[in-house]
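Hello,

Here is the structure I said I would pass on. Please open it first, then read the notes below.

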Amino acid sequence: MSRPRPATQFSMDRRSFLRYAGLTGAVVGGAGVLAACGKDSTGSNNGTTQDGSKYGTVAVQLSWLKNIEFAGEYFADAKGYYKEAGFGSVNLIAGGAASTSVEAGLGTGKIWAGLSAPQTTAPALLEGLKAKIVGTTYQKNPFCIVSSAAKPIATPQDMKGRKIGVQDTNQLIFNALLTANNMTPNDVTIVPAQYDPTPLANGEVDGWVSYVTNEPITLSAKGFANTNFLFADYGLPLVAETLTVSQQTIDNERDKLKAFLVAEIKGWRDAVANPAESARLAVEVYGKDQRLDLAEQTKEATAQNSLVTSPETAYNGLFTMSDELITGNIRALAKAKIDIKAEQLFDLSVLKEVFAEHPELKKPLA
């Protein structure tokens with residue numbers, strides 16, 4: 001069974017951010033997991049590439065282990081979209097609890113791009129990292145509260161007086177959910193938890209912090225009828241799996257970034273259209289060492305499509321963000337005491353150029 005990704009710290013001051021970065025691979029010093037890949041993040045040398053391709057090899061860090069969450073990247077690689085775009089290869093680096101953060105990797109130049117989240121990137125930018133979010137895979141973050149269908153928790157207010165299992169790394173985002181709904185930790189009984197939702201199934205707690213694409217599916221497969229509500233629908237409309245790059249990439253490698261976005265969009269269009277093949281690529285090829293379950297990954301692929309697509313993406317294309325969604329993200333971050341301006345965090349101008357130059361990428365998905 002795949003596990004949900006623990007949320008990175010939702011609100012960090014200067015010291016806690018640097019401490020976090022140090023624990024996950026060291027912002028300063030350059031060692032860390034990504035150095036072990038043994039590849040230059042650009043594969044270039046004074047305008048030429050080592051492999052003879054237009055853009056060479058780039059290192060792209062995923063936000064978690066190689067499961068279904070990165071189906072679009074798998075398609076882009078497997079179907080040759082990256083190569084068509086001019087890349088010799090795209091080195092997909094698995095994330096995870098022991099890996100360097102995307103922000104730390106960008107800061108040291110160990111990666112060229114990465115998939116992260118606003119609540120992780122914003123504190124790094126406030127600390128001086130020169131980077132931007134240039135698009136988002138998920139229009140909604142997957143965090144939810146899952147509960148028994150027999151004793152449902154349908155809204156944040158329903159949590160009052162109930163026992164909620166909360167993992168240590170998810171405490172801050174859970175507290176932000178409470179704040180966004182005029183509640184405090186005193187309104188609920190927070191039960192320290194790990195990532196196996198067995199205590200919920202056993203009735204030891206009434207609700208569980210989880211990913212909508214994970215525990216609700218695995219619990220149902222085990223015969224535990226459940227329901228859930230998304231954090232994104234109750235005051236925390238944060239996007240997720242955000243594509244983040246350095247400012248110098250936006251300024252000096254714009255064509256290269258646009259080429260990469262074209263490949264990404266093609267890959268994710270395929271992933272949305274074919275959940276079964278998405279699952280196969282995750283289980284049999286890219287995440288083979290994770291021992292993933294094909295049936296479960298197929299269900300998760302279908303569930304994640306509701307996070308990837310929206311009326312906005314149907315009209316303006318995948319990876320886009322409406323002005324309203326950007327505003328909602330900034331407000332949600334403010335509720336978590338992360339005060340940042342939209343123009344400091346987001347730059348969708350490159351993506352808009354891509355769709356202007358490739359209108360076929362905005363065609364309705366099959």
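Helices here are DSSP runs of H or I with at least four residues, numbered from the N terminus. Keep in mind that this is a predicted model.

Start with the loop between α11 and α12, where Arg 291 is found. Its phi is near 55°, a positive value in a residue other than glycine. Most residues other than glycine have a negative phi. Arg 291 is exposed, at 77% relative accessible area.

Now the two helices themselves. α11 covers residues 275-286 and α12 covers residues 294-308. They pack at an angle of about 130°, with axes 8 Å apart. That angle makes α11 oblique to α12. The crossing is right-handed. On the α11 side, the contact includes Pro 275, Ala 279 and Val 283. On the α12 side, Leu 294, Ala 301 and Asn 305 are among the residues involved. By type, the contact has seven nonpolar residues, five polar and one charged.

Next, look at the loop between α13 (311-316) and α14, which holds Phe 319. Phe 319 also has a positive phi, near 80°. Is Phe 319 buried or exposed? Phe 319 counts as buried because its relative accessibility is 2%, and the cut-off is under 20%.

Last comes α14, residues 323-335. This helix has 13 residues and reaches 19 Å from first C-alpha to last, close to the expected 18 Å. Its buried residues include Leu 325, Ile 326, Asn 329 and Leu 333. The buried residues of α14 pack against α5 (118-126) and α15 (342-345). Just after α14, Lys 337 takes a positive phi of about 65°.

Best wishes

Technical notes: Residues are numbered from 1 along each chain as its sequence is written. This is a predicted model: local features need pLDDT of at least 70, side-chain atom pairs count only at pLDDT 80 or more; totals for chains, interfaces and linings use all residues. Side-chain values use heavy atoms; hydrogens and water are left out. The expected span of a helix is 1.5 Å times one less than its number of residues. Buried means under 20% relative accessible area, exposed over 50%, partly exposed in between (1.4 Å probe, protein chains only). Contact means heavy atoms within 4.5 Å. Axes are lines fitted to C-alpha atoms, for helices over the stretch in contact, and angles run from 0 to 180 degrees between N-to-C directions. Angles under 35 degrees count as roughly parallel, over 145 as roughly antiparallel, 65 to 115 as roughly perpendicular and the rest as oblique. A crossing is left-handed if the near helix is turned anticlockwise from the far one by less than a right angle, and right-handed if clockwise. Ala, Val, Leu, Ile, Met, Phe, Trp, Tyr, Cys and Pro count as nonpolar, Asp, Glu, Lys and Arg as charged, and the others, Gly among them, as polar.
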